[in-house]
Amino acid sequence: MDKIEAKILKIIDEHRQQIIDFAEDIYQHPELGYKETRTASKVFDLLQKNTAKTEKSLAITGVKAYLKDPQENEINLALIGELDAVSSPHHAYADKTTGACHACGHHCQLAGMIGAALALTDEEIKNSLAGNVTFFAVPSEEYGEVEFKLNLKEKNLIKYGGGKSELLRIGAFNDIDIAITHHSRPGTADVVVGDRLSNGFVSKVIRYKGRAAHAAANPHLGVNALNAAALGLNALAMQRETFQDKDMVRVHTILTKGGSLVNVIPEEVVIESLVRANNVQAIEDASKKTDRAFEAGALALGANLEIYTSPGYLPTIPRAPSNDILDIAKMILPQGSIRTAQPHESSAGSSDVGDLTHVMPVLTFETGGVSGDLHSKDFKIINKDIAYIATAKIMALTAYRLLKANAEKAKSIKKDFKPIFSIEEYKKHMDQFESVLKKNFSN
């Protein structure tokens, strides 16, 4: 540990209670994607005090703060924290109105980013960095409320449902060379270094339109959109044996509108769905089968059908775990349980971090200090020093390690990375998944 590293740790330890108080405040005031106005405001106010340039309202709620005045051709690292919560209405800290809850630990990311900022903005530490650090609070990592996001798209407020995807599209990542990301992980490990293969997906809003009629007196005059939807869902279930295990296909749905009154034949039914797999070909195959199944339900009942398909996230491309992050974890937690992600590890879940991995090098780590299943009422913070403080220390020290000594390590990572897409190629690739299917089977 050199003197700058020691100073980074000292500053974070001195601000321990401030970091915890910030994290707990965000934990107790969760907001869903593209609605994170209070959270974004709290982050902006803290970052604006000591950073050289701060931007807000990026992709509606995103906040971006530069440690130093941006310079052309400098290497720039992003420390990323996600603003949004997930829906978990039965959690102790859930918002009673929206059901939002930080049962995925995004508030831990924000605590890490803010804690790192408190240290790196120290003049001596800042001057030791041969490059810039961007503190980037990004919206809408959780891909929920699909119909709401479709409404935002119709108003031209966004084009993509995921926050990082949208920030890539509008050019907010154009000056970022390396991203450092974090997630909470329940389990026995205090720190896991590296990421896992994860699924990508497309999202769908399926709308059945039938004909209302009195459900008791004149049901023969109606077209039951709920029955059409039920047939579509059953047809979808019959497709599942055609999905190959190696592709890790997941198709899951929720019914967001099922009718109005029980004595009225349901005239409109709305379903939201995510169609996931770990490769693009499998996503396309599952997407076609999903459309076909829902179309069958409409055909059988003589209902009309609209399916809006939108690009979701790309599968994550794992990279070798960072030796620097591993060394840092062992340094700050000498008695901790620390391991690297294994090549065989994979997740059927999805994250817009996957999109970043296609265009820039992403260094990922996870911290424990939490228990219970992610996205559930059982998620808990059980060790604030691991969940919040260790996260801040790893973020800050990683930025320093990569940017000290003329930023040789950061430059090497950037030089060795071979992107799958340029930003323009990424947008073109994403846009191919945008489609609207309309079928009219009414009498």
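Buried here means under 20% relative accessible area, exposed over 50%, and partly exposed in between, with a 1.4 Å probe and protein chains only. At 1% relative accessibility, His-106 therefore counts as buried.

The structure is a predicted model, in which local features need pLDDT of at least 70 and side-chain atom pairs count only at pLDDT 80 or more, while totals for chains, interfaces and linings use all residues. Residues are numbered from 1 along each chain as its sequence is written, and side-chain values use heavy atoms, with hydrogens and water left out.

**Surroundings of His-106**

His-106 is found in helix H4 (residues 106–120); helices (H or I, at least four residues) and strands (E, at least two) are DSSP runs numbered from the N terminus. A polar atom of the His-106 side chain lies 2.8 Å from the backbone oxygen of Asp-84. Contact means heavy atoms within 4.5 Å. Neighbours within four places in sequence aside, His-106 is in contact with Glu-82, Asp-84, Glu-141, Glu-142 and His-183.

**Nonpolar cores**

A nonpolar core is a set of buried Ala, Val, Leu, Ile, Met, Phe, Trp, Tyr and Cys residues joined through side-chain atoms within 4.5 Å. The largest such core holds 74 residues, of which Ile-8, Val-43, Met-113, Leu-120, Phe-135 and Tyr-388 touch the most other members. Helix H12 (residues 384–416) gives the most to this core, namely 17 residues. Apart from neighbours within four places in sequence, the contacts of Met-113 include Val-43, Leu-79, Phe-135, Phe-136 and Met-395. A second, separate core of 26 residues includes Phe-243, Val-275, Val-280 and Ala-303.

Two strands pair if DSSP finds at least two bridges between them. Eight strands form an open sheet with mixed pairing, in the order S1-S2-S6-S3-S7-S16-S8-S14. Strand S1 (53–58) and strand S14 (338–340) stand at the edges, each with a single partner strand, so one side of each is left without a neighbour in the sheet. From one strand to the next, the twist averages 20°.

Strand S8 (residues 191–193) and strand S16 (residues 362–367) run antiparallel and are joined by three bridges. Within this pairing, Val-193 stands opposite Phe-365 in S16. H12 lies across strand S3 (76–82), strand S6 (132–138), strand S7 (178–184), S8 and S16, and runs at about 160° to S16. Axes are lines fitted to C-alpha atoms, for helices over the stretch in contact, and angles run from 0 to 180 degrees between N-to-C directions.

**Aromatic pairs**

Rings of Phe, Tyr and Trp (its six-membered ring) pair if their centres lie within 6.5 Å; planes under 30 degrees apart count as stacked, over 60 as edge-to-face and the rest as tilted. By this rule the count comes to seven aromatic pairs. Two of them are tabulated below.

| Pair | Centre to centre | Angle between planes | Class |
|---|---|---|---|
| Tyr-27 and Tyr-93 | 4.6 Å | 35° | tilted |
| Phe-136 and Phe-173 | 4.9 Å | 35° | tilted |

Tyr-27 lies in helix H2 (residues 16–27) and Tyr-93 in the loop between strand S4 (86–87) and strand S5 (100–101), so the pair ties together parts that are 66 residues apart in sequence. Tyr-27 counts as buried at 3% relative accessibility, whereas Tyr-93 is partly exposed with a relative accessible area of 35%.

Phe-136 lies in strand S6 and Phe-173 in the loop between helix H7 (163–169) and S7, so this pair ties together parts that are 37 residues apart in sequence. Phe-136 is buried, with a relative accessible area of 0%, and Phe-173 counts as buried at 2% relative accessibility. Ring pairs also link Tyr-143, Phe-201 and Tyr-313 into a cluster.

Definitions and conventions: Polar contact = N/O pair within 3.5 Å; in protein donor to acceptor, adjacent residues only side chain to side chain.
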